Amino acid sequence: MNSDESMQSLVIHGDQDAENGAEETALAPAIYPASTYSARSLAEFAQMANQPRHSRYYARYGNPTQERCERLLARLEGAQAALMMSSGMGAMSTTLLSRVRAGDHIVAQTAHYMGTAQLLTDLLPGLGVDVTLVDQRDTDAFIAATRANTKLIVLETPSNPTLTLTDLAAIAAFAKSRGITTLADNTFASPVNQRPRDFGIDLVLHSATKYLGGHSDLIAGVVCGDADAVERIWGRSIALGTNVSPFNAFLLLRGLRTLPMRVARQNENALALARFLETHPAIARVHYPELESHPQHALAKRQMRHGGGVLSIELKGGEGDEQGFHAAQQFVAALKMARHAVSLGGVETLVVHAASMWEASLTPEQMRRADISPSLVRIAAGLEDAADLRADMAQALSRTS
Ligand SMILES: *Cc1c(COP(=O)(O)O)cnc(C)c1O
């Protein structure tokens with residue numbers, strides 16, 4: 001698949017399979033709320049029980065709508081199989097717990113989604129799994145941190161909130177040479193902008209709550225990879241109970257039908273805002289991989305097709321941290337069209353003031369180390385008219401001092 005156009009065809013037809021596609025005459029999938037499915041014979045029951053990754057057995061093991069959606073998700077990420085789960089964190093916790101046990105070692109990034117960071121720095125070490133965190137920009141640091149017992153390398157690119165990148169191809173090649181599994185959180189880029197499997201990454205994870213769902217109306221997660229690896233994660237998911245609901249599988253399939261169109265528009269809106277804000281006198285810095293000023297722009301061009309829908313900005317707001325913090329708060333409060341909310345990937349533009357969001361969970365020192373300046377505002381572009389968004393940002397900036 002090499003063009004936006006063929007991806008757009010894929011999301012419309014890619015959940016059909018060769019065998020039963022023809023008998024599926026309803027254009028929209030059915031939702032089966034059943035928690036359990038009956039067998040028509042003893043032999044059939046034995047078959048259902050022994051082949052439990054069967055979408056008609058017991059709903060914690062899967063459901064038919066989910067199976068259809070997973071077929072499409074696997075194709076989108078260029079993988080053999082996909083497993084939907086209850087949330088992005090459900091997918092992350094289940095995947096991590098299926099790959100490591102006490103005595104194993106993980107190498108991961110310093111900058112990860114907050115929930116992932118908590119699993120890596122608190123839950124897993126408490127279970128006897130060693131974790132080393134390294135600067136994602138430094139490929140050699142990943143290599144230097146691996147040990148004989150390293151089982152997994154966890155990546156996330158672009159990362160939150162400074163849109164910092166990790167070199168997927170270089171780290172995947174090293175990991176392969178050492179037999180270490182690689183896992184990449186591809187939520188921010190979406191498969192429209194980046195396909196980690198094309199660079200040799202083993203497992204690709206998403207918070208489907210964001211771009212894949214795309215309408216701010218569902219919580220779900222997915223992991224894609226080789227069939228045996230996904231089967232192993234599924235085995236853990238039925239024990240952990242991180243299954244997705246049939247209704248959310250339906251909603252996700254509905255959202256996926258427009259994924260390439262939506263993300264193309266979000267890419268355009270984010271780039272237009274990044275270019276506008278970069279030259280605005282009230283702005284100190286814009287972080288966006290598609291801007292030539294991004295320190296890893298060359299890497300962005302190698303592994304991403306476009307910069308994605310998320311950018312972040314730092315406001316000028318005077319001398320000290322205090323004023324920057326205040327200016328960012330004023331800016332966010334003055335926006336009229338962009339909504340003030342966490343999350344991203346929906347049809348509406350959302351903004352968050354990072355320092356306010358992380359004030360409770362990070363110390364000022366941790367924030368400095370994560371490059372979160374007090375004036376940093378993350379913008380997740382929606383599908384609105386670009387000129388309207390620009391006008392909204394301009395009027396809000398005119399109110400900051
Ligand atoms: C939102 C998010 C998650 C967690 O997903 P949920 O669906 O909220 O559980 C994980 N990784 C990234 C990069 C995210 O943005």
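## A guided tour of the predicted model

Begin by selecting threonine 150, which is buried, with a relative accessible area of 5%; buried means under 20% relative accessible area, exposed over 50%, and partly exposed in between, using a 1.4 Å probe and protein chains only. Before going on, note that this is a predicted model, in which local features need pLDDT of at least 70 and side-chain atom pairs count only at pLDDT 80 or more, while totals for chains, interfaces and linings use all residues. Residues are numbered from 1 along each chain as its sequence is written, and side-chain values use heavy atoms, with hydrogens and water left out.

**Around threonine 150.** This residue belongs to strand β4, residues 150–156, where helices (H or I, at least four residues) and strands (E, at least two) are DSSP runs numbered from the N terminus. Show the side chain of histidine 105 as well, and you will find a polar contact of 2.7 Å between it and the side chain of threonine 150. A polar contact is a pair of N or O atoms within 3.5 Å; within protein, one must be able to donate a hydrogen and the other to accept it, and residues adjacent in sequence count only if both atoms are side-chain atoms. A polar atom of the threonine 150 side chain also lies 2.6 Å from the backbone nitrogen of arginine 147.

Proline 161 is placed in the loop between β4 and α7, and the bond from asparagine 160 to proline 161 is cis, with omega near -5 degrees. Leucine 163, found in the loop between β4 and α7, has a positive phi of about 55 degrees although it is not a glycine. Most residues other than glycine have a negative phi, and most peptide bonds are trans. Leucine 163 is buried, with a relative accessible area of 1%.

**The ligand.** Which residue has a side-chain N or O atom 2.7 Å from an oxygen atom of the ligand? That residue is threonine 209, while a side-chain N or O atom of lysine 210 is 2.8 Å from a ligand oxygen, and a backbone N or O atom of glycine 88 lies 2.8 Å from an oxygen atom of the ligand. Taken alone the ligand exposes 380 Å², and the protein buries 92% of that.

**Helix α10.** Move on to residues 246–256, where 9 of the 11 residues of helix α10 are buried, so the helix is largely enclosed by the rest of the structure. The buried residues include Pro246, Phe250, Leu253 and Leu256.

**Two further stops.** Select serine 343, in the loop between β10 (339–340) and β11 (350–353); its phi is near 90 degrees, a positive value in a residue other than glycine, and serine 343 is partly exposed, with a relative accessible area of 25%. Finally, select threonine 25, in the loop between α1 (4–13) and α2 (42–50). Is threonine 25 buried or exposed? Threonine 25 is exposed, with a relative accessible area of 68%, and its C-alpha atom is separated by 46 Å from that of leucine 335, 310 residues apart along the chain.

Note on methods:
Accessible areas come from the Shrake-Rupley method with a 1.4 Å probe; for residues, only the protein chains shown count as cover.
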